[in-house]
Amino acid sequence: MAPGRVAGVLVAVLALTSLHEAGAVTINSVSPTAGSRKGGTRVKIFGSDIPKDFSMDFDVVSVNFVSSTQSYPCDVERTSVNDKQIECYTSAMPLGKYTPEVTVCTSANSRDCTTFRCDDPEVCTFETTNWRTPFIQTITPNTGYPGSMFTAYGKIITSLYGSDKAAGTNGRTESITRYGIVMDNDGAGVWGNMNGKLQGKFVGHQNITIIVNGAFGRSESLREAKKLGADMKVYNFETYAKVSTVSPGTGSEMGGSTITIGGEWFDSTTQNAVVNVGGEECNRPGDITDEEIVCLTPAKPANDRGIYPGNRGVNKDYWTYADAAAMPALTDLPTGDPSESEWGDSMSWGAREGSFISRSKFFFNPPNDNTYQFVLFDCSKPADDFLLRFEDESGEVTEWTCPGEGRGYSPRIPLVSEHSYYMDAWYRRDASAGGDSESDKRVAFKMFDTDYVGGQNIHARNERQKIKIASTVFRETQVVSSSGSGFTITHGGVTTESISAGASASDVQATLQAIYQNQCPEEVANPIGAITKFATDYEGRGAPSWFTGTVVKADETAPFCGGKSLMNPTTVYNTDPENDYYPIKISIEKTVCFAYKGSLASRVFLRYGSEGEEGENSEWFGPNDYDGLDFSANEEWQYTCLDLQDMFATARPDATNVIVKELRFDSTSADSDFFIDNLFIGKAEPMAPGDVADGIRQAAMPNDVVIDEVQVETVAGGYSVSFVPFNCGYNLPLMESQGGVTRQQAGSPPVQGTFDISFDGQTSSVQAEATEEEMANKLKLDLGIEAKLNGDSLTGDEVEIEVKTVDDGGLFFYEIPGSMTRTAHDTPQVEVLINGIPSRCDGSGCGFSWAADRTPTVTSISPDQGTGGTEVTITGTGFSANCDDNRVRIGRSEDTEEGVMCTPTTCTETSITCTTGSAGQGSQTVKVKVLPHGDDPDANPNGKASGDVSFTYLGGITSISPTTY
């Protein structure tokens, strides 16, 4: 894309045919022609006679992008429509090619609508590609309060935000509406970091996207950015509420204490807030606010747990040691108070210097009933040692320790979601023993049953089983007789160069090996040094540090020349003065030649500057910049040359004294491969490109077998030649030579025939040579397969077949997340969940204790019987002298289950005088509840009163109706 050109964002709107004749609308082209698979690309649709009156109350113009099977709407930007163009924003669409359909309506009735298409679909094609899709790979951190800052890393394309600059550090002119952007490769890359801040007060799971304008659009989250919460829902960032205070912090053992929970972000709810006290539900009698929740405590549980779960996260204590030798072993554990403590939102330890022992106490809340396995992830004794204790539902404690290296695994444990499991994790870091002090250490876990499959998020793993079919392999071996004079060898129609009498085995091997590879003209294979700045044929004679791509042999694809080529490289040349790789001066070294095949995109990336000046530019050059950039996708090798001098003169005429520091290639799509070979950078073409193909001597392929290598040994009267073919090639014809050739050993045939795989009562017969796709179509098995194999129908030399589980499927959490942990405490805690998300306790404390001295008591009532309207005095302790703080109920009526109100009239801390209401005959329990009161509510009893005191309602006439006859 040329500097200053910014690709437009797609929004299509069509005009009102009541003002224009529908038949007059034409559609000519679209721009850009490619965009994000996740939508959000701003597309311009060009044409003529497009209506632009949008004063109607129906859609005058609408746009859809259609493929052969699907149609997707494109949201029209009405303000950007004129009679020659429509702008619209694309929807998310699968990878593929689409053409626009523009519908113009003269009324709200669909019968009054006409659809227009482009006369030439080739010029109206819009393609969704991975290259045009921004990606978010990681979000750091991925949990926090509403309004938290985060850093997103991914393919964000550009460092521009807004329009304050013409181009970013990498030369891109597209922009995004965020800030704090730093691109990789010193600003030259399309991957980089971007800072962002969450808006609003919502508590729950958030998905984060960016939109890059130009020919890009909305981002897609890669699997690494997709986390799972305790509810097994996918998120990029999880926000949670804050609990700061609980008042009062003590109350009646009978329950009913009115407590007020202070904090933030309580009111942004999509489901009811849940409050637990000591693991029991605290009933909310009314609405909550953003900063306050009021609830009535439950009664003190019958069983005292001794240790209680709190809110989300893990509390970690540290004991530090200046002298590592003074640290106790993990089996001894430290004494005294810790040096420091901290809270964390996962079961992990951040990197820190020095020697220390850390203890983390927490509860694990399983997200569902499942089978779990805990993993000590980073064992490396003696530097990093771990101990994990686990308490099951019965109170039995089991512990696991590290092996010498690698990971320590617990057995598989069935756990239920209704229970919180206490855990105790210890980490001993011995800095004197070396090891890795710069990375976090973690306690991980795996759960084995899941509906997710691999790739849907960072945790999901598919069950992987390896089916191995093996046979004894005998190499084809032939003996070439030497007649005592020079000779040649012919195989597969290709003849070697002359081999002298008495040649060594290595010389014969090198000469023979050459006929099994394509041989380029000498000018291409070994360019003249005087014109060469850089040349490589990827045959493995040392690779620079900036080398990218994968070197492949002929079994992957036949090379252009030699035995190897390079698959899917990015950078093919880069400046590295320390290793004698210097910038390309295009005034001298103007020529770049190379062979290519496959899906090579018709563009090159150049990082360049001006000699002797600071600063540089980085950008992609395509056919719109220079017509010599046309690498048409082809499955046959092509050889081409670029003239960098001419390219800059055409595309960047103002650039002077240009030096190119980096050169990159790219694929037409992330799902397609391309290959390059025999790259040359220098002063002139080593050979005219049109003459190269005619000068190639094709490799020998005897009986269509591709030979990887030959191994030659000297034997009596000649040479023994063993063949190593690709893909189990066999049935080779004899070589030809002046002295004669005999076969010493025929090569083994490949394993052939079929084998059976049985699963869940079904059996599938599979060909031994089945491809990956054929195998998948045959099996159609999901996670957790346990297949039985039968290989009796296989043929070959000593065939064996086995199946081995490589990886059990399930969900793997690299650290136990905060949503599945609860802090551990010696006193009961108030736990708050907003929208199902556990909150964090971050303040003066979140505890609540049931206490006998904070429990009001009822000891007597006088009189202890009477009718409704009787004035009674209740004696006890812990009452409030303010009658408004006391609630008394005696007896039940049809109107209330809680009891009939006895309205207090006179109150002291030890007595309440009230008048009974109307209730049915019989003995009724006296219920007293005291609200928090006084300047210090924690200093006074509150809640339901204890005591077993009754009042007996006597029979009597309380009213007569009617009163007249």
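Predicted model: local features only at pLDDT ≥ 70, side-chain atom pairs only at ≥ 80, totals over all residues.
Which residue in β44 is the bridge partner of H491? In β44, H491 is paired with V494.

## Sheets and strand pairs

H491 and V494 face each other across two strands. Strand β43 (residues 489-491) and β44 are joined by two bridges and run antiparallel. They are part of an open sheet of three strands, in the order β44-β43-β58, with antiparallel pairing. β44 (494-495) and β58 (736-737) each have a single partner strand and stand at the edges, so one side of each is left without a neighbour in the sheet.

A second open sheet also has three strands, here in the order β11-β21-β15, and its pairing is mixed. Its edges are β11 (143-144) and β15 (204-206); each has a single partner strand, so one side of each lacks a neighbour in the sheet. β11 runs parallel to strand β21 (residues 237-239), and two bridges join them. Within this pair, T143 stands opposite E238 in β21.

Strand β65 (residues 810-813) pairs with strand β39 (residues 441-447) through three bridges, and the two run antiparallel. F445 has F813 in β65 as its bridge partner. β65 also pairs in the antiparallel sense with strand β40 (residues 460-461), over two bridges. In that pairing, the bridge partner of A460 is L811 in β65. As a general point, strands of a sheet pair through backbone hydrogen bonds, either parallel or antiparallel.

## Helix α3

Helix α3 (residues 644-651) has L644, M647, F648 and A651 as buried residues. These residues lie on the same side of α3 because they cover an arc of only 90° around the axis. Several strands are among the elements that cover them, including β49 (584-585), β50 (591-598), β51 (604-610), β52 (617-621), β53 (634-643) and β54 (658-664).

The N-terminal end of α3 is capped by D643. A side-chain oxygen of D643 lies 3.0 Å from the backbone nitrogen of Q645.

## Loops with particular backbone geometry

P141 is found in the loop between β10 (135-140) and β11, and P863 is found in the loop between β71 (857-862) and β72 (865-866).

| Cis peptide bond | Omega |
|---|---|
| T140 and P141 | about -15° |
| S862 and P863 | about -10° |

Two asparagines have a positive phi. For N568, phi is near 50°, a positive value in a residue other than glycine. N568 is found in the loop between β47 (564-567) and β48 (571-574). It counts as partly exposed because its relative accessibility is 27%.

For N731, phi is near 60°, again a positive value in a residue other than glycine. N731 has its place in the loop between β57 (718-725) and β58. With a relative accessible area of 52%, N731 is exposed.

## A buried serine in a loop

Is S80 buried or exposed? S80 is buried, with a relative accessible area of 16%. Its place is in the loop between β5 (71-76) and β6 (85-90). The side chain of S80 makes a polar contact with the side chain of E87, at 3.4 Å. Leaving aside neighbours within four places in sequence, S80 is in contact with R42, Q85 and E87.

## The second largest pocket

Rolling a probe the size of a water molecule over the atoms shows where empty space is left. The second largest pocket has a volume of about 890 Å³. It is lined by 36 residues, of which Q517, N518, C561, G562 and G563 are the closest to its centre. The elements that give two or more residues to this lining are α2 (522-525), β53 and β56 (707-715).

Which element gives the most to the lining of the second largest pocket? β53 does, with three residues. β53 is also one of the strands that cover the buried residues of α3.

Methods
Residues numbered from 1 in each chain as written. Heavy atoms only, no water. Pairing = 2+ DSSP bridges. Helix = DSSP H or I, 4+ residues; strand = E, 2+ residues; numbered from the N terminus. Buried < 20%, exposed > 50% of the residue type's maximum accessible area, 1.4 Å probe, protein only. Arc of directions from axis to C-beta. Contact = heavy atoms within 4.5 Å. Polar contact = N/O pair within 3.5 Å; in protein donor to acceptor, adjacent residues only side chain to side chain. 1 Å grid on protein atoms, 1.4 Å probe; cavity = no way out; pocket = protein on both sides within 12 Å on 5 of 7 lines; lining within 4 Å. Points joined across faces, edges and corners; volume = space filled by probe spheres on them.
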